[in-house]
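Student: I would like a close look at a single part of this model, with the criteria behind each term spelled out as it comes up. Please take it in one connected answer.

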Amino acid sequence: MTLPDPTASSSSHRYISNAGEDIREMLATIGVDSIDRLFDTIPDAVKLKGLLDIPGPWSEIESRRWFRGLAARNKTAADHVSFLGGGAYAHYQPAVIDQLLLRAEFLTAYTPYQPEVSQGTLQSIFEYQTHQCLLTGLDVANASLYDGSTALCEAVLLAERLTKGKKKVVLAKSIHPHYVETVRTYIQNLGLEIVEVGWGADGRIDLEELRGATADAFAVAVQSPNFLGVVEDYDAIVGATEGLTRISVIAEATSLGVLAPPGQHGFDICVGEGQAWGIPPQFGGPYVGFMVVRDALKRHMPGRLVGETVDVDGKRAYVLTLATREQHIRRGKATSNICTNEALIALAANMYLSLLGKEGLREVATQCLQKTAYLRAKLREIHSVELPFAGPVYNEFVVRTPFPAETILGDLEHEKILGGIPLGTFFDGHANDFLVAVTELNTREQIDTFVTVLSAAISRERR
Amino acid sequence: MTAIAETEVAQKDVAQKSAMEPLIFERSKKGRRGYQLPALDVPEQSLDEILPAALRREEIAHEVEVSEVDVIRHFTRLSKLNVSIDAGLYPLGSCTMKHNPRINEEIARTPGFAWSHPLQAEHQVQGNLELLWHLEQTLKEIFGLPRVTLQPVAGAHGELTGILMVHKALAKSGNARKYILIPDSAHGTNPASAAFAGYQIKELKSNSRGTVDLSTLEAAVNEDVAALMITVPNTLGVFESEIKAMADILHAKGAYLYCDGANLNSFVGIARPGDMGIDVIHSNLHKTFSTPHGGGGPGAGPVGVSESLVPFLPTPTIERREDGTFYCDFSHPDSIGRMRAFHGNFNVLVRALTYMRSMGPTGLRRIAQIAVLNANYIRARLRKTYHLPYDAPSLHEVVFSDKLQTPKDVHTLDIAKRLMDYGFHPPTIYFPLIVSGALMIEPTESEPKEELDAFCDAMIAIARECEERPELVRSAPHTTPVRRLDEARAARQPVLRWK
Amino acid sequence: MATPEDNRYAKSHEYVHLEGDVATIGITDYAQKELGDVVFVELPQVGSQLDAADELGSIESVKAVSELFSPVSGEVIEINEALADNPALVNTDPWGDGWMIRIRVTDPTEIDELMTAEEYDEYIEKESAH
């Protein structure tokens, strides 16, 4: 087939400005007779003789038709009642956030390497860093990491750098299993070892087992609320882990609206996932990881840091700082390889935190607590439903029935309820258990319906 | 723009001072609120009964209380302090600041995508799985490689993924080896990623063309070398024409060829990495495939692999059954594991696939053609005014240096700052490291000729200023909201939060 | 500032000032100019043993970081605590108050391997002609 002539007007594309006459003029300025000459350094042997075999070009009309058709095949919280958690939560998203995010100056801006023309981005990162410190009780936060799982990886690697020689890191088994898997991937060639500590009958980390696991370990990481939804006792954990760098992991960021901040209870590093701060679940990404550390650790931090300074006229201004930790300067000895992070998502989280503020963050968290307590009380009234873990919870917990979780959840789905996440997917011996999460978006009516439908499903399965 | 060019160094005026916006914490006033939730509709229990006080926090000290009006004003004013691609050319080399189509934003916000949850049962998310499968097929075709993982969420993440796969493949054959070879022109993430994958780095010196000599490579490759990581074309925009021969040298010693695909914009649709002997490549969807830069992310860094590396791909992979349904395959015993929770940056992948369909095969090819045309046009217009340290033909980007301006004690940094007065974001400066005072310019294919001419006119005007009034350039910028920040102070006395 | 005659110089731009068996080590005026405004200096612990050419720490400016190498062997007996609060001393007074560590040398003749002031001046002239 003949390849299209780039100067013909039939070749024009709406995203590529230059066409026809301009192309000819530019070729003349360059001094070549065709665009093909500009590719002479690519050997003929590897040049394509024809076009790639892919669909398109589509108009917006065709794109809308096809993509919307795909989305319509999903069953999601958009058209079902959702009680899904497991590290991704459905929370209220203020309308103003998307409007602001689509402002060109935020959406299409580059990394703020040139501070004079990026004060908008830099100042908002500085504010976001501050929010994270206020919420976690620690001293220094970075601009963002990829997500909660890789943030935990970065924290483990940071802690290892602090105590040369030790090779073991203690991870609670009740940390999100995807996070633990990701840590395993990251450390596979670095000579480090994970020691997992399980949970007790109440769903909290087994303190005896924890005490026994700390020999030769450089750090311990614990998630709270953990993957089972149970809130851990920070003080007891700190008491059992003398001499280790202590990492707290937070997968449900709104929990910081009501739960004790890890920095005020002896933790050195807090990492987690900011998705719950108004970011839609989006099938897993883009999300936003966060890391906040004690002041003494700031030079070991991965990721971008924005600092305050003055300009030549004495005006307050913001700039990327302590950059010598980063890959573009330190290269092979950098604190991390991270470059592009999750800046726009961090901006959305920043806007959420600003809008809700002191009172709103507490109110969201309190509603989550109350609605969850209400659902649990009603579930306890159903004869064959068990809440197997007695520890205190925030907005998520494990439900157990006499039947396989998938069966019960299938019955709930039939009534357009996304009832939960099977725990057996992650842990052996939990085939009849599933995770249920409740947020401020779940109404009393939805919760009552959930209970009714669940009860009916169990009766039905019994026959 | 000429009026601004003739401005003398001036004091900041009141209008510009008021362009600065206080911190949101400074705007906060007790009692303001920016939200409303529905009233609690379940019977309220005592908090102490739900959750003991010892596990709860006090109020969030110093957190803000602002109205929705405050928030809109605040962020709108902040946005006006930024430059962005929607407003004009962003000639940042190696960043591919191209147009961000808005249909991508609309499609990503489709509720069926935005509200899908990553742990839902497969039958509930067939639309998503099919989308991911189609994206992989399209990237396979673009790369010319048999499989692609969509999990990595950035280029550096993709690099780590790729090198971990190489390590595992070699370990499985009995020897993971010790070194990764990296040219001195490489982006900093390359050695950082290699180090995190457990390798040591050996740096290869570039030749006078800015490329890697075959003899240099041959001397360096032995059975301790796991791979060579190169950028194609390299960070000077020069295509390594010997790429197939390089692949052969590496393969003969059982080593792999990793390609940093940051510069894919220069040859997408013209040639395919798989045909060059490349074994593993990452692509930056937030560069070549138009997903917006967002001030520093989110991105996506899918990795394509040759047949021998397929068993080591991150788990799960997305597969299609004979009946046309899709599923996640977790049965990969040799997989390097999971690179991240869930499925990667799904809604960035959605934007990228929307773009690929908007371009189609003809559009993708045109991207490379016009990107290379635009960059060479700038090169032709500026080569008499600025020094070209490397003479070799370049593709989609061009690197100049400040050598012709330094005799007047004006440097790359000054030129970059002066460009701001002309309304442009500066190009990438001081990278690649092999060029002293580098100015790396990549216009991309989006830019119309008028914008390229305006940029070149500005650069030429600045060069004249360097000759005639160098102090004007040295003290630039003059018209931005802030000027020449004290970066030493920011690093010596770090203030990283309000209060 | 003329290169002091009573020091010796390493190719990596550290200087040694030997008095008896105590060597004071810092970086040269040329080096501090190349680096730019110094923001942080990482120094070894007092009591560490160093061999000649061992990495003793690192020095950071806003845009760059360099490893520091010990020109001589011995035990670190003192480090310049003032640099923690005032790293700019390396820029303003590299030969004096900007000193970094003091070492009790194991072999005072080791400094004979290093360059004299004249040799160092020639060396940096060749380097900057690049």
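Leaving aside its neighbours within four places in sequence, which residues is Thr428(B) in contact with?

Tutor: This is a predicted model, in which local features need pLDDT of at least 70 and side-chain atom pairs count only at pLDDT 80 or more, whereas totals for chains, interfaces and linings use all residues. Residues are numbered from 1 along each chain as its sequence is written, and chains are lettered from A and ligands numbered from 1 in the order in which they are written.

Once the neighbours within four places in sequence are set aside, Thr428(B) is in contact with Leu92(B), Gly93(B), Ser94(B), Cys95(B) and Met440(B), where contact asks for C-beta atoms, placed from the backbone, that lie within 7 Å. Thr428(B) itself belongs to strand E11 (residues 428-429) of chain B; strands (E, at least two residues) and helices (H or I, at least four) are DSSP runs numbered from the N terminus. Thr428(B) is buried, since 22 other C-beta atoms lie within 10 Å; the label buried requires 20 or more such atoms within 10 Å, exposed means 12 or fewer, and partly exposed lies in between. By contrast, the C-alpha atom of Leu496(B), which is 68 residues away along the chain, is separated from that of Thr428(B) by 26 Å.

One of the contact partners, Ser94(B), deserves attention of its own. Ser94(B) sits in the loop between helix H5 (68-79) and helix H6 (102-108) of chain B, and its phi is positive, about 70 degrees, although the residue is not a glycine. Ser94(B) also counts as buried, because 21 C-beta neighbours fall inside 10 Å.

Arg177(B) can be read alongside it: this residue, not a glycine either, has a positive phi of about 70 degrees, and it counts as buried with 21 C-beta neighbours inside 10 Å.

Strand E2 (residues 179-183) of chain B pairs with strand E4 (residues 225-231) of chain B in the parallel sense over three bridges, and Leu181(B) stands opposite Leu228(B) in E4(B).

Gly297(B) and Pro298(B) are joined by one with omega of about 10 degrees, and Pro298(B) lies in the loop between E6 and E7 of chain B. The bond from Ala476(B) to Pro477(B) is cis with omega near 5 degrees, and Pro477(B) is found in the loop between helix H16 (470-474) and helix H17 (487-492) of chain B.

Definitions and conventions. Two strands pair if DSSP finds at least two bridges between them. Two residues are in contact if their C-beta atoms, placed from the backbone, lie within 7 Å.
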